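This report goes through a structural model with attention to a helix, a core, a loop residue and charged pairs. Please look over the sequence and the structure before reading on.

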Amino acid sequence: MAAKIGGNEVLVNIDNLEDGAWTTEAMKTAAAAWAEVGAKYLMQGTTGLDHVQTQTAQNKYKVAMLPSGSWLENEQKTTTPDDFEYGMFPIPDVTGSDKLPYGTLHTQPGENFIVSSRSAHPQAGLEYLRAMLSKKAAGDFSALVRTMTVVKGATEGRDISPGVTSASKAVADAGDNTVYYRWFNWYGPLKDEAIAATGELMSGNLTADKYLERIQKKADEIKNDSSIKKYKR
């Protein structure tokens, strides 16, 4: 949401541990918006539930919207009622002057395939990946696992689940307007702090300003810790 408001550089600066990256106006506006959602619309008892329990509550029509990835439909297939259909929507417009248009998505590949250059038969490994990422195999994957694939056109002409259909359309509609961040994987302590602080923000125990100050403090600690390897993008 902050990237939609202030542009992709908001997330690039956070990834690069730039000074004050967490406390920009775009971040404050986004955090305040989510604090309002938490105050007005959070399902009662949410703070005591794990992700599976929350997802199951949605299958029982107790939750209208849930932040998740396209794996959700497959993960919940054993508890999803026959008349329940998943669908996704992009982040709505937040201000009258958002830098990125409606339909902008946070999206990036979620799995890593690696062939070791020092393996006994690296070429065989590459050929195996080539087969896995063929249009047919990728399409089979999407149909069976009910999730997105990086292979363009893999789902064309297939009977794909409602959730994947809506996600595929959202990605196509977004075009080049996609954003992502990497600090979540680069810096474990920052990830842990952000998760804990976000729970406090959504449950009303932190204001938007205090929320961002708390995460900025942890980012500064990591930046100033010479024992932690730093990354740039």
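The model described here is predicted. Helix H3 covers residues 25-41, a run of 17 residues, and spans 24 Å from its first C-alpha to its last, which is close to the 24 Å expected at 1.5 Å a residue.

On the face of H3 turned away from its buried side are the exposed residues Glu25, Ala39, Lys40 and Tyr41. The buried residues of this helix are Ala26, Met27, Ala30, Ala31, Ala35 and Gly38. Seen down the axis of H3, these buried residues fall within an arc of 165 degrees, so they line one face of the helix. The cover over the buried residues of H3 includes helix H1 (2-6), helix H2 (9-15), helix H10 (188-202) and helix H11 (208-223).

## The largest nonpolar core

In soluble globular proteins, nonpolar side chains tend to be buried together. In this model, the largest nonpolar core has 25 residues, of which Trp22, Met27, Trp183, Leu190, Tyr211 and Ile215 touch the most other members. At least two residues of this core come from each of H1, H2, H3, H10 and H11, and H11 gives the most, with six residues.

What surrounds tryptophan 22? Not counting residues up to four places away in sequence, tryptophan 22 touches Ile14, Met27, Trp183, Leu190, Leu212, Ile215, Gln216 and Ala219.

## Threonine 149 in its loop

Threonine 149 is found in the loop between helix H7 (135-145) and helix H8 (162-174), and its relative accessibility of 22% means that it counts as partly exposed. When neighbours within four places in sequence are left aside, threonine 149 is in contact with Ala138, Ser142 and Ala154.

A polar atom of the threonine 149 side chain lies 3.2 Å from the backbone nitrogen of valine 151. Tyrosine 86, by comparison, is 63 residues from threonine 149 in sequence and 17 Å from it in space, C-alpha to C-alpha.

## Salt bridges

The whole structure contains 16 salt bridges. In one of them, the side chains of arginine 233 and aspartate 15 meet at 2.4 Å, N to O. Arginine 233 lies in the segment after H11 and aspartate 15 in helix H2, so this pair ties together parts that are 218 residues apart in sequence. Aspartate 15 is buried, with a relative accessible area of 0%, whereas arginine 233 is partly exposed, with a relative accessible area of 27%.

Another salt bridge joins the side chains of aspartate 19 and lysine 223 at 2.7 Å, N to O. This pair links distant parts of the chain, with aspartate 19 in the loop between H2 and H3 and lysine 223 in helix H11, 204 residues apart. Aspartate 19 is exposed at a relative accessible area of 62%, while lysine 223, at 33% relative accessibility, counts as partly exposed. The side chains of aspartate 173 and lysine 169 also meet in a salt bridge (2.7 Å, N to O), and both residues lie in helix H8, four residues apart, or about one turn of the helix. Both partners are exposed, aspartate 173 with a relative accessible area of 55% and lysine 169 at 54% relative accessibility. Finally, Lys4, Asp93 and Asp98 are linked in a network of salt bridges.

Methods
Residues numbered from 1 in each chain as written. Predicted model: local features only at pLDDT ≥ 70, side-chain atom pairs only at ≥ 80, totals over all residues. Heavy atoms only, no water. Expected span 1.5 Å × (residues − 1). Buried < 20%, exposed > 50% of the residue type's maximum accessible area, 1.4 Å probe, protein only. Arc of directions from axis to C-beta. Contact = heavy atoms within 4.5 Å. Polar contact = N/O pair within 3.5 Å; in protein donor to acceptor, adjacent residues only side chain to side chain. Core = buried A, V, L, I, M, F, W, Y, C linked by side-chain atoms within 4.5 Å. Salt bridge = Lys/Arg side-chain N within 4 Å of Asp/Glu carboxyl O.
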